[in-house]
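Work through the following exercises with the structure open beside you, and try each task before reading its solution.

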Amino acid sequence: MNVATVRVPAKINLCLGVGPVREDGYHPLATVYQAVGLHDEVRATSRADDEINVVVNSELDVRSELATVPEDDNNLAVKAAKLLRDHTGFVGGVDLAIRKVIPVAGGMAGGSADAAASLVACNDAWGTGLGRADLEFLAAKLGSDVPFLLHGGNAVGGGRGETISPVLARGSYHWVFAIAAEGLSTAAVYAEFDRLNADGKVPEPKVPDALLAALRAGDADALGDALSNDLTEAALSLRPELQDTLEVGIEAGALGAILSGSGPTAMFLASDEQHSLDIAFALTSAAACADVVQSHGPVPGARLA
Ligand code: C5P
């Protein structure tokens with residue numbers, strides 16, 4: 001019996017350009033990912049038989065009632081373990097234990113993070129010895145965000161999000177996250193995006209030059225101005241009250257305020273630790289969301305703890 005524990009971060013999208021829906025139902029993306037310091041943990045304990053089990057616990061009471069994370073074969077961490085086993089021909093099973101901190105259905109890729117962590121943890125516990133390139137290949141089959149969560153740091157995402165390439169970036173950024181009481185389905189937000197754009201022509205997405213320049217310079221003010229998210233209208237259409245949450249952070253002087261991915265988590269860029277505290281305080285006082293978390297990025301991707 002071997003045990004491996006992996007810590008994996010959440011992701012945000014500094015920009016999220018979304019193109020016209022493809023024939024396979026996915027949307028072409030032009031995004032810049034950043035990994036941020038909210039971590040899930042996945043522990044893999046190998047089994048001699050061929051069972052693959054999962055248990056999930058969340059330490060965050062405010063979100064525990066939305067504990068909709070499946071504890072069966074629909075769990076992405078289980079899918080990841082199965083994919084690794086099929087790919088390598090390994091004979092054996094695993095018990096997976098997930099400690100959730102990343103909000104569920106929050107637009108921060110919590111499920112994808114657990115899949116990335118499960119790949120790394122099982123690869124270690126089973127001694128299957130796959131290298132980074134093979135793990136990234138499997139990650140792309142599991143979900144659009146999974147390859148980035150192996151990688152971490154900052155990266156440009158293309159394709160449906162699964163092709164990642166390096167970006168020149170410096171600086172560490174202070175973020176405040178306003179977490180909603182109830183998650184939003186990513187698929188539902190993309191469907192709303194299609195509905196809202198049914199008549200118009202959606203242009204091919206592009207990463208804004210101003211965003212790349214801000215990251216190259218490590219300029220938080222410029223980065224705040226350059227944050228963008230093409231899913232904003234769709235997410236606000238499904239959850240109009242998120243506009244109020246964004247406004248509370250803007251009034252508190254956030255350098256930038258957008259939804260994280262498909263939402264409903266709202267993210268605010270602060271200039272330093274004190275500013276981050278001020279924004280968090282404003283959000284809490286206004287009861288603008290269910291929970292407020294201060295964090296920073298970039299941080300590394302899925303790693304053995
Ligand atoms: O890739 P992943 O399984 O995380 O995507 C979840 C859902 O989000 C997809 O089923 C699809 O409806 C939507 N999606 C999309 N275009 C993308 C990524 C995700 O339409 N680029």
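**Exercise 1.** What covers the buried residues of α10?

*Solution.* The model is a predicted one, in which local features need pLDDT of at least 70 and side-chain atom pairs count only at pLDDT 80 or more, while totals for chains, interfaces and linings use all residues. Residues are numbered from 1 along each chain as its sequence is written.

Begin with helix α10 (residues 242-251), whose buried residues are Leu242, Thr245, Leu246, Val248 and Gly249; buried means that 20 or more other C-beta atoms, placed from the backbone, lie within 10 Å of the residue's own, and exposed means 12 or fewer. Helices (H or I, at least four residues) and strands (E, at least two) are DSSP runs, numbered from the N terminus. Next, look for contacts, that is, C-beta atoms placed from the backbone and lying within 7 Å of each other: the cover includes β7 (173-179), α9 (232-238), β9 (256-259), β10 (266-270) and α11 (273-285).

**Exercise 2.** Which exposed residues does the face of α10 turned away from its buried side carry?

*Solution.* That face carries Gln243, Asp244 and Glu251.

**Exercise 3.** Describe how two of the covering strands, β9 and β10, are arranged.

*Solution.* First, β9 and β10 pair in the antiparallel sense over four bridges, where pairing requires that DSSP finds at least two bridges between the strands. Then locate isoleucine 258, which stands opposite methionine 267 in β10. Finally, follow the hairpin, which has six residues between its strands and, in the turn, glycine 261 with a positive phi of about 55 degrees.
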